[in-house]
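User: I would like a close look at a single part of this model, followed by an account of how the rest of the chain is arranged. Please give the cut-offs behind each term as you go.

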Amino acid sequence: MNVLDKIKGILPKKENAVEPEIAPAPVSKKGENIIEIKGITKVFDGVTVLDDLSLGIKRGQFVTLLGPSGCGKTTLLRLIAGFETPTEGEIYIEGTPITSIPPFKRPVNTVFQKYALFPHLNVFKNVAFGLKLKKVADPTAKNGVRKYTKAEIEEKVNNALKLVGLADYGHRDVNSLSGGQQQRVAIARALVMNPDILCFDEPTSALDPELTGEVLKVIRELKSGDTTMVVVTHEMEFAEDVADKVIFMANGVIEEAGTPEAVFKNPKSEKTKAFLASRKNV
């Protein structure tokens, strides 16, 4: 049993989740697109950051977004997650347009560069935060929905912490943790909500080199099941080893996309070649 299968075993089935704001759509199967980006343009203060970009991401794919700083990869990730809205174009999840859907109502969870943990809450309460707000279907409850019980939350949080190697850390103050441990808490907080799509925005960029490996190891172990993962990263070796699809961006457009073998070993774009050559010298 893989890591995501384990955590899905302790979370409610997707069909029990209450998401009335998103119209029902056929659930994509593995190999079919779960995310479709059509003609997206994003302009900030007169500067075009993404320019008429279209992309499909299949259910269960592990996709890495690569490119120089300022190329638009983090903006693209934020559009998928709902933290930005496109100037033009539309994004679809399971065939449903989601531009008007706020982040907390999308089947997407995001792990940020800076952890974004609540400093006044301990590890357990940080991971449990979203679960305390979430409602699940229950025909015996008033209005047919209820919140998780304290026992349910405790079980789910403890299992999520175990999956990221922090089983005995629930009581700890997050400020007492190393950067790598804090990032693993952030991953547990995303996992415990059982999203269809997990986004990572340069999850190791704020870490010292010796802590980077422990976070990449956790992400590597999550590559399984039907969960779709979209990762912005500068870790070339990690992207080449783990990704199903590599997307290289430059100047707000997709310069090249393909398998790691194709992009890293036989790039077609001159910009891709130049970028990869520059990274070898870092």
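This is a predicted model: local features need pLDDT of at least 70, side-chain atom pairs count only at pLDDT 80 or more; totals for chains, interfaces and linings use all residues.

How many of the nine residues of helix H2 (residues 73-81) are buried?

Analyst: Seven of the nine residues of helix H2 (residues 73-81) are buried, so the helix is mostly covered, where buried means under 20% relative accessible area, exposed over 50% and partly exposed in between, with a 1.4 Å probe and protein chains only as cover. The buried residues of H2 are Lys73, Thr75, Leu76, Leu77, Leu79, Ile80 and Ala81. Just after H2, Gly82 takes a positive phi of about 100 degrees. Helices (H or I, at least four residues) and strands (E, at least two) are DSSP runs, numbered from the N terminus.

Residues are numbered from 1 along each chain as its sequence is written, and side-chain values use heavy atoms, with hydrogens and water left out.

For the chain as a whole, there are nine helices and 12 strands, and 49% of the 282 residues count as buried. The accessible surface comes to about 13500 Å², of which 51% belongs to carbon and sulfur atoms, the areas coming from the Shrake-Rupley method with a 1.4 Å probe. Taking contact to mean heavy atoms within 4.5 Å, 68% of the contacts between residues at least 6 apart in sequence join residues at least 24 apart. The mean pLDDT (the predictor's confidence in each residue, from 0 to 100) is 87, and 88% of the residues reach 70 or more. Over residues 7-25, however, pLDDT stays under 50, and the model has 41 contacts beyond four places in sequence for this stretch.

Turning to the strands, an open sheet is formed by four of them in the order S2-S1-S4-S5, with antiparallel pairing. Its edge strands are S2 and S5, each of which pairs on one side only; two strands pair if DSSP finds at least two bridges between them. Strand S1 (residues 33-44) and strand S2 (residues 47-58) are joined in the antiparallel sense over eight bridges. Asn33 stands opposite Lys58 in S2, and Val43 has Thr48 in S2 as its bridge partner. The hairpin of S1 and S2 has two residues between the strands, and in it Asp45 takes a positive phi near 50 degrees.

Glu94, in the loop between strand S4 (88-93) and strand S5 (96-97), has a phi near 55 degrees although it is a residue other than glycine, and it counts as buried because its relative accessibility is 13%. Tyr115 lies in the loop between strand S6 (108-111) and helix H3 (123-133); its phi is near 75 degrees, again positive in a residue other than glycine, and Tyr115 counts as buried because its relative accessibility is 13%.

Leaving aside neighbours within four places in sequence, Arg189 is in contact with Asn109, Tyr115, Ala116, Leu117, Phe118, Asn126 and Val127. Arg189 is buried yet has no salt bridge, and the nearest side chain of opposite charge, Asp201, is 12 Å away. A salt bridge here is a side-chain nitrogen of Lys or Arg within 4 Å of a carboxyl oxygen of Asp or Glu, and for charge Lys and Arg count as positive and Asp and Glu as negative, with His and the chain ends not counted.
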